[in-house]
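Welcome! Please have a look at the structure below, and then let us walk through it together.

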Amino acid sequence: MPPISDAQRPAPNAKDRRLLAVARGVEQWFKASQRALPWRAAYDPYQIWISEVMLQQTRMEVVVDRHFHRFLERFPDVATLAHSSQSEVLAAWSGLGYYRRARMLREGARHLMRHHEGRLPRDIEALRAVPGIGRYTAGAIASIAFDERAAIVDGNVARVIARLEQIEDPFGSAVFTRQTWALAARLVGAARSPRNLNQGLMELGALFCTPRAPRCTSCPLQDHCHGRASGEAERLPVRRAPAETRALKIDLFVVQSADGSVLMEAATGPLMAGMYHLPQTPGLFQSAGASLPPGPRLGRFRHTITNRRIQFNVLASEPENVADGPGDFFWVDPKRLAAVPHPSYVRKALDIAGLL
Ligand code: SF4
């Protein structure tokens, strides 16, 4: 059958024309206005993967200023990451939080060594088979690293689309998710460059279509945006009532032996596996066969973990009846403290105690 010429194609209807105009608007704006970010220099697939995983729970400035280059210096490629120990990867992830991401990165790297000769595949299904890579990350790597026609919806894209289409279903509901992914797929289908389209949508969400006070008068989509036209943009997307914040007080014990070693505890549970804490409650410690008399308070600080607002008191203490550390407790040489993977609130406590 002979190919259809442009003249023979059916004329786009008004909906298609709007979709095309949105896609072109986003792409042109992105080409002219994009921020210079380190992973945009070469669009190296490994670097795109690392950046996307870091950015999932961490602000852009924190990733760029403190973590991205440092992590790549330590783990410059898939092979290095795959051959490192979990402790090394967790220690390098320190300060980024949500440590499951770091464990899954290493698992993903090991999978890539086994099945893809240490390279990220460009095929979306092969990407989704990599441990830790879900629908969003697979789409991000395929489109941003390889310019493949794959849709992505993160928080920024969801907000832009919810306002553009004036979606009234609650953010995160099944209907909302289905609608936003469907429009993202249609937009990427209409794009000249999926890489520019997807990054442009995310960047628009971060810079113009912000959660509060969207800058509609500067936005390249203002003529196509239903939310702006109705004056409802800032109200969208509709949020369900947030979970109540709980206030807690926790004592953290900085216990040092005569030679200066610091007592730490291996964390348990899926979220913190592989990490180390300071002893937190005298009750727990006593049940492990030792006692922990509270000494002078070294300081205190506030820290928020999801919906818990915690005041940590940092207390010095002398160990009693402790030889090698009972149960899951270990003595750590103070020179090795920085290399032991620990969450950021433990870092703050060690800082207060003058140990880091
Ligand atoms: S016009 Fe306003 S609400 Fe619509 S996409 Fe742009 S910034 Fe967001």
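How many bridges join strand S2 to S6, and in which sense do the two run? Strand S2 (residues 262-266) is joined to S6 by 4 bridges, and the two strands run antiparallel. Keep in mind that you are looking at a predicted model. With that first pair found, here is a tour by topic.

**The whole protein**

- The protein contains 14 helices and 6 strands.
- Of its 356 residues, 35% are buried.
- Take the contacts in the protein with a separation of 6 or more: 66% of them are between residues 24 or more positions apart.

**The open sheet**

- S2 and S6 belong to an open sheet of 3 strands, whose order is S3-S2-S6 and whose pairing is antiparallel.
- Strand S3 (276-277) and strand S6 (329-332) are at the edges and have a single partner strand each, so one side of each is left without a neighbour in the sheet.

- Another antiparallel pair is formed by strand S4 (residues 294-305) and strand S5 (residues 308-317), with 9 bridges between them.

**A covered helix**

- Helix H2 (residues 45-55) is mostly covered, with 10 of its 11 residues buried.
- Among the buried residues of H2 are Tyr 46, Ile 48, Trp 49, Ile 50, Val 53 and Met 54. Gln 47, Ser 51 and Glu 52 are buried in H2 too.
- What do the buried residues of H2 pack against? Their partners are helix H3 (60-74), helix H4 (78-82), helix H6 (100-115) and helix H8 (135-146).

**Around the ligand**

- There are 15 residues around the ligand, and those that come nearest are Cys 209, Cys 216, Cys 219, Cys 225 and Ala 233.
- By type, the shell around the ligand has 10 nonpolar, 2 polar and 3 charged residues.
- Helix H9 (155-164) and helix H12 (226-230) each supply at least two residues of this shell.
- H9 gives the most to the shell, with 3 residues.

Conventions
Residues are numbered from 1 along each chain as its sequence is written. This is a predicted model: local features need pLDDT of at least 70, side-chain atom pairs count only at pLDDT 80 or more; totals for chains, interfaces and linings use all residues. A residue is buried if 20 or more other C-beta atoms lie within 10 Å of its own, exposed if 12 or fewer, and partly exposed in between; C-beta atoms are placed from the backbone. Two residues are in contact if their C-beta atoms, placed from the backbone, lie within 7 Å. Two strands pair if DSSP finds at least two bridges between them. A residue is near a molecule or strand if its C-beta atom, placed from the backbone, lies within 6 Å of it. Ala, Val, Leu, Ile, Met, Phe, Trp, Tyr, Cys and Pro count as nonpolar, Asp, Glu, Lys and Arg as charged, and the others, Gly among them, as polar.
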